[in-house]
Amino acid sequence: MTGSRMPAVFLGHGSPMNVLEDNRYTQCWQALGEALPRPTAIVAISAHWYTRGTAVTAMAEPRTIHDFGGFPQALFDTRYPAPGSPALAAQVAELLAPVPVTLDQEWGLDHGSWGVLIKMYPDASIPVVQLSIDGTQPAEYHFALGQKLAALREQGVMIVASGNVVHNLRKVRWEGGSGAYPWAESFNNFVRENLHWQGDRAQHPLVNFMQHEGAVLSNPSPEHYLPLLYVLGAVLPGDKISIPVDGIEMGSLSMLSVLADS
């Protein structure tokens, strides 16, 4: 690592139950929190804040959002009381100009964000702002926002994006077994193989991901895939891209994680 540049990381977050469980994915998130340089603040991008327009949480004390149902009470009782940062929220809005960014006072941290951060930084002492994903915009837009956010990495701010590059709950094998669907494995491999794309960024295969034959089944809606594009957009010269952990659970849920670090 050179200087104070912070990493950018995409984490396949999977089921909310990972908050309560100890498995190879949660162990990886914990290990990243212990091994990576400690940021002064975090910009989180979660699949679960899918909006019209772009917004960033700008409150001093973001609430813990339990945006799920049917899980044990212990999960609903869990809080992640990380402070917010109105100053960082304002800086994010300035960086993303001329894109209009709403300084949000209502949302907070949803489980896509706090569910991984609670494993990385369990003391909840690092300020976090969460950026929404504008569902009205194409993939290129999200990649371009990641490029604009990259400057924060040189200022002690870590980018933590959270989703799943394969996310089809309609095809989930709830009882497990039988391994990954062939289309899920194919698309997951397509992502792996193109993380180090060196060509024209406008032609990046992972920006143009819907051209893959397995994309529609792997992502019936794009919100869980798009957070990856913020991390790929935020890659800076000298970065190395690695895969801290990978795996496909229940046939159609990829737990692939991607780290960009210098």
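In which sense do strands β3 and β4 pair, and over how many bridges? In this model, which is a predicted one, strand β3 (residues 54-57) and strand β4 (residues 101-104) run parallel, joined over 4 bridges, where strands are DSSP runs of E of at least two residues, helices are runs of H or I of at least four, and both are numbered from the N terminus, and where two strands pair if DSSP finds at least two bridges between them.

Before going on, a word on conventions: because the model is predicted, local features need pLDDT of at least 70 and side-chain atom pairs count only at pLDDT 80 or more, while totals for chains, interfaces and linings use all residues. Residues are numbered from 1 along each chain as its sequence is written, and side-chain values use heavy atoms, with hydrogens and water left out.

Staying with β3, Thr54 and Val56 point one way and Ala55 and Thr57 the other, and all are buried, by which I mean under 20% relative accessible area, against over 50% for exposed and partly exposed in between, with a 1.4 Å probe and protein chains only. Val56 stands opposite Leu103 in β4.

Strand β10 (residues 258-261) is likewise covered on both faces, with Val258 and Ala260 buried on one side and Leu259 and Asp261 buried on the other. Strand β1 (residues 8-12) pairs with β10 in the antiparallel sense over 3 bridges, and there Ala8 stands opposite Ala260. Strand β7 (residues 240-242) is also antiparallel to β10, joined by 3 bridges, with Ser242 opposite Leu259.

Let me turn to a loop residue. His204, in the loop between α6 (182-193) and α7 (215-218), is buried, with a relative accessible area of 5%. Its side chain reaches the backbone nitrogen of Leu206 at 3.0 Å, and, leaving aside residues up to four places away in sequence, His204 touches Phe143, Asn194, Trp197 and Leu232, contact meaning heavy atoms within 4.5 Å.

Finally, the cavity search. Over the whole structure, 1 cavity of 30 Å³ or more is found, a cavity being a set of points, on a 1 Å grid over the protein atoms alone, where a 1.4 Å probe fits but cannot get out, with lining residues having an atom within 4 Å of a point. The largest cavity holds about 50 Å³ of space, the volume being that filled by probe spheres set on the points, which are joined across faces, edges and corners. Its lining includes His13, Trp29 and His111, and helix α4 (residues 111-120) gives the largest share, 3 residues.

Definitions and conventions:
On a 1 Å grid over the protein atoms alone, a cavity is a set of points where a 1.4 Å probe fits but cannot get out, and a pocket is an open set with protein on both sides within 12 Å along at least five of seven lines; lining residues have an atom within 4 Å of a point. A polar contact is a pair of N or O atoms within 3.5 Å; within protein, one must be able to donate a hydrogen and the other to accept it, and residues adjacent in sequence count only if both atoms are side-chain atoms.
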